[in-house]
Number of protein chains: 2
Amino acid sequence: MKNLTIALDVMGGDKGPLVSIVAAIMAVEKLPYLSLILCGDQDTIQGHLRRQKALNHPQITIVHTTQVVTMGEKPLAAMRTKKDSSLRRAIDLVNEGKADACVSAGNTGALFATAHLILKTLPGVERPALISALPTQQPNQHVFMLDLGANVFCDANVLYQFGVMGAVMAEQVDGINKPRVALLNMGEEDIKGSDHIKLAAAQLAESPDINYVGFIEGNDIFNNKADVIVCDGFVGNVALKTCEGVANLVFEKVKEVFDKNVVTKILGQFLAPTLKKLFKTLNPDQYNGASLIGLRGIVVKSHGNANSKALFTAILEAVKEVERQVPQKIKNTLEQELLQGPK
Amino acid sequence: MKNLTIALDVMGGDKGPLVSIVAAIMAVEKLPYLSLILCGDQDTIQGHLRRQKALNHPQITIVHTTQVVTMGEKPLAAMRTKKDSSLRRAIDLVNEGKADACVSAGNTGALFATAHLILKTLPGVERPALISALPTQQPNQHVFMLDLGANVFCDANVLYQFGVMGAVMAEQVDGINKPRVALLNMGEEDIKGSDHIKLAAAQLAESPDINYVGFIEGNDIFNNKADVIVCDGFVGNVALKTCEGVANLVFEKVKEVFDKNVVTKILGQFLAPTLKKLFKTLNPDQYNGASLIGLRGIVVKSHGNANSKALFTAILEAVKEVERQVPQKIKNTLEQELLQGPK
């Protein structure tokens, strides 16, 4: 394996630096060819590393930063005023070629705005998108969904580019051949939806490189009808968070069922570990990393609430994207699409 | 109880006329003051009524129609060419004052387009909206969500009107005093979302009659943070159908957990009835009626896939809206809002 380096924004996230540092140690112990640059307050990081018996770990270096972007901070203000924040430095390291990717559990808006400003979009990409792999009814099979909230509104061209970007992710990260790309709509029929969705559908259908399979509705997201589902960031964010809401609702209601009487209580205790594991996979936002794609560098976002396991998963996701050269592949595919002439 | 009459589109829905007719018999047997007008093919209806031993039921009359709007038919074409369809006649009866409400499990688009054309919107209402009561984590407590798919895009004024209409529904149908109204957004902070959502937020916040509680995210739909959740029809439709998708996914995954070994299989069989009941309530689209509100008449839509129980529930929903005079109350509230001068 080729050596690679990932910059980690240690100060981001709701839970403080310790979870990032524990995740970092897990990652370097798993992958001997991985180097991590921990961006954050040097004393804090060294203290934690010492307590975790990982001070002076050969695969870990520290870049000292003096500022922290808080979770509630306004993205544009953070971008302008916090040029020595851990979040900003992690992105700078990617831009300077000192890291191959960055990972953060910090302020989502600030991460997007800063990454967009510093790393810039790839040629042919108008807007970056947030993408994540959701579970499906098929065991071990994912569906990639984008945009999950990087943009409020997306026109037809942007949705079409998201289709191309999503297909590259499914192909490179999950190894799917000719991934099926669908547009999320309020009906399956051609006449349904807004004008820009119909236009994006026409563009995707005409593309020889994209295996476009048509419109899909919310109830079919998890049915293995598509490998990539494209929508604007508003709709994607609502859909993703609604999943989380339903999963929590079901969890509460199932607990109520088990709490009914002594017998169900015993059954519940027996099943609890398996059910808990199940509900975790149904909270993809919380338990997997999401990637900001379409930029000239790799940026993986972990949930603000992420624990060490989730951050560790996000680091592995970043490693995968580096190894598969996702940005380069997106660039190549879009160039090829554009070369094939006007649609 | 005052006598009231409801027109039922017997030919609509995926399952054929029998489910509507069984639902009709259930409803008149429960409510002695209810009359039902069954719109559809007279011979078919009489045949079913005879087999159900309800021919010549004093509370049931038949209006013979010669056309059927099929489920896949284009709404505008159906509206123009099928003026003697069961769907159209049910709406006509409301418009002519011969029925107090109509109920259909038929083609959703055709029902909306026809109801909009024939019944027209109330003064002050630009667009009708599809509304339904979803379950929450609080037992026996609902949240009303609109628009669930009657409109693709809604501007600020329309969203504001939906807030008013939803508050009236929550107040009249569920008896909630000063219902909390929220806007569905991709973040809770004021700066999040599109311009028209921010504008709608300002309008709702300024209204003295509306208890506006701010933005809400998808994960909080079921958390009892609001009694009414407002969004455009595209977003609402995706959110509602995503609920259905997640509920089905969880159901499948829970089944997998139970299928693991002999012990879990026995536990599964023990818990199956309770869990099945739970998952039904999590498919609100399928198991409750949704109402098309903002019109000069009451229109309740049952899922195309509805069984007799679901259609019976939809008829009871229509009865409730007639008794509480929902259209009149929406009209009064909007007039009062407008009288209070410019916002």
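Between domain 1 and domain 2 of chain A, the count of salt bridges is 0, in a model that is predicted. The largest share of the side of domain 1 that touches domain 2, 5 residues, is supplied by helix α11 of chain A, which spans residues 308-323. By class, that side of domain 1 holds 4 nonpolar, 5 polar and 4 charged residues. Polar contact, for its part, links 3 residue pairs across this interface, with both partners at pLDDT 80 or more.

To place these two domains in the chain, domain 1 of chain A takes in 1-125 together with 294-326, while domain 2 covers 130-287. Their C-alpha centres lie 26 Å apart, and 13 residues of domain 1 are in contact with 12 residues of domain 2. The two domains bury about 1200 Å² between them, with 61% of that area on carbon and sulfur atoms.

We turn now to the contact between the chains, to which chain B brings 54 residues and chain A brings 55. Here about 4600 Å² is buried, 80% of it on carbon and sulfur atoms, and in chain B the residues that lose the most area to chain A are B:Met186, B:Phe234 and B:Leu249, which together make up 15% of what that side buries.

Between chain B and chain A there are 2 salt bridges, and one of these pairs A:Lys241 with B:Glu217, whose closest N and O atoms are 2.1 Å apart. There are also 4 residue pairs in polar contact between the chains, both residues at pLDDT 80 or more. On the side of chain B that touches chain A, α8(B) gives the most, with 22 residues, and by class this side has 30 nonpolar, 16 polar and 8 charged residues.

Conventions: Residues are numbered from 1 along each chain as its sequence is written. Chains are lettered from A and ligands numbered from 1 in the order in which they are written. This is a predicted model: local features need pLDDT of at least 70, side-chain atom pairs count only at pLDDT 80 or more; totals for chains, interfaces and linings use all residues. Side-chain values use heavy atoms; hydrogens and water are left out. Domain bounds come from an automatic or database domain assignment. Contact means heavy atoms within 4.5 Å. Buried area is the accessible area (1.4 Å probe) that two parts lose on being put together, summed over both. A salt bridge is a side-chain nitrogen of Lys or Arg within 4 Å of a carboxyl oxygen of Asp or Glu. A polar contact is a pair of N or O atoms within 3.5 Å; within protein, one must be able to donate a hydrogen and the other to accept it, and residues adjacent in sequence count only if both atoms are side-chain atoms. Helices (H or I, at least four residues) and strands (E, at least two) are DSSP runs, numbered from the N terminus. Ala, Val, Leu, Ile, Met, Phe, Trp, Tyr, Cys and Pro count as nonpolar, Asp, Glu, Lys and Arg as charged, and the others, Gly among them, as polar.
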